[in-house]
Amino acid sequence: LVNLVVLHLVQAIRSKDSCFSSIERRSAGSYYEQVKISEPNEFDIMLVMPVARIQLDEADDTGAFYYASFKRSPKEKGWLKFLEEDGKLSAFKMLQALRDIIKQEVKNIKDVEVTVARKKAGCPAITLQIKNPPSEISVDIILTLEAQQSWPLSTQGGLKIEQWLGTKVRRDMRFRSLYLVAKQNKNEKVLRGNTWRLSFSHIEKDMIKNHGNSKTCCESDGPKCCRKRCLKLLKYLLEQLKMKYPKELEKFCSYHVKTAFLHSCVMWPNDSDWHLGDLDHCFQQCLGFFVDCLQKSQLTHFFIPQYNLLSLEDKAKHHFLSRKICHELNNGFPVFHE
């Protein structure tokens, strides 16, 4: 159902605006990393637009948010409508154009009822709701620029996977294209909506799929590990706690536990650290690391070492979550049985 709707939209988007003519669909998120828990009712689809060489200027000190501008005037003159007066590429204008096309086009999709959800402040996605009785499927469409150029300096000390996946894998990954998603930076003095955030979802997906220290880990005849199961449990625990305490935990998302999980894979790099039969121990070990991060209010972005994903002004919320997790740990995870 999702593929049907997205295919229809991609064809329409390509034909409606020449700037979007080379847009490609890429799948991201937990469903495609095969770590989705519960119902397959949420999907993340990246609409990737290749762009010629762009100049990136840091928008703040996180090393994750950038202003993008073309190094040379683009051949396709349609791009000019997306530029600010200072030549910056406006994420806001591009998202708006995409949203307008999608809102028009969902009316033309036969046999399926699709609506576009209202805009959420600061959310980079255009969310579709697909009626699929008795429930609903939500699809987040994320506008992404793809630039074939070297990664920014802020990423240099990140992706510390040498001991885990090897130096060669790290080098190959760093040669892959750079992804930028249209994401508003809350720390901007004037909220203009023209910032882009680095995205590594394509690399994360590969690491989670090819997660072994040895090349045969989890292959049909190779030894099995519990890494993916650990990640699923971490995500499920956070999801259950968020349902129980929506207000207190609204700032947390699955990306926090995914990042903690990737750091855990680096700390325990060998497949022998993740024997399938040791799931209980490995899960508690990952959780212990995450709780430690929460107590220090310090969770380093996996690719951008200067970027702390836990903002210091939310210390009370970090401590709240760490208390709840410790309670679960010490009482045999009651929330899993509720």
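Let me start with the inside of this model, which is a predicted one. How many cavities of 30 Å³ or more are there? The count comes to one. As the largest cavity, it has a volume of about 30 Å³.

Next, the lining. Around the largest cavity you will find Leu234, Leu237, Leu238, Val257, Leu287, Phe290 and Ile325. Two elements give two or more residues each to that lining: helix H5, which covers 227-244, and helix H7, which covers 279-296. Which of the elements gives the most? That is H5, with three residues. In terms of residue type, the lining of the largest cavity has seven nonpolar residues, and no polar or charged ones.

Now the annotation for this part of the chain. UniProt, in an unreviewed entry, lists residues 226-325 under "domain: Mab-21-like HhH/H2TH-like". In the model, the span 226-325 is 61% helix and 0% strand. Its end C-alpha atoms lie 20 Å apart.

Last, please go to the other helix I want to show, H1, at residues 2-16. How far apart are its end C-alpha atoms? They are 21 Å apart.

Which residues of H1 are buried? They are Val2, Val5, Val6, Leu9, Val10, Ala12 and Ile13.

Definitions and conventions: Residues numbered from 1 in each chain as written. Predicted model: local features only at pLDDT ≥ 70, side-chain atom pairs only at ≥ 80, totals over all residues. Heavy atoms only, no water. 1 Å grid on protein atoms, 1.4 Å probe; cavity = no way out; pocket = protein on both sides within 12 Å on 5 of 7 lines; lining within 4 Å. Points joined across faces, edges and corners; volume = space filled by probe spheres on them. Helix = DSSP H or I, 4+ residues; strand = E, 2+ residues; numbered from the N terminus. Nonpolar A, V, L, I, M, F, W, Y, C, P; charged D, E, K, R; others polar. Expected span 1.5 Å × (residues − 1). Buried < 20%, exposed > 50% of the residue type's maximum accessible area, 1.4 Å probe, protein only. UniProt positions renumbered as here; feature names shortened; annotations may be inferred.
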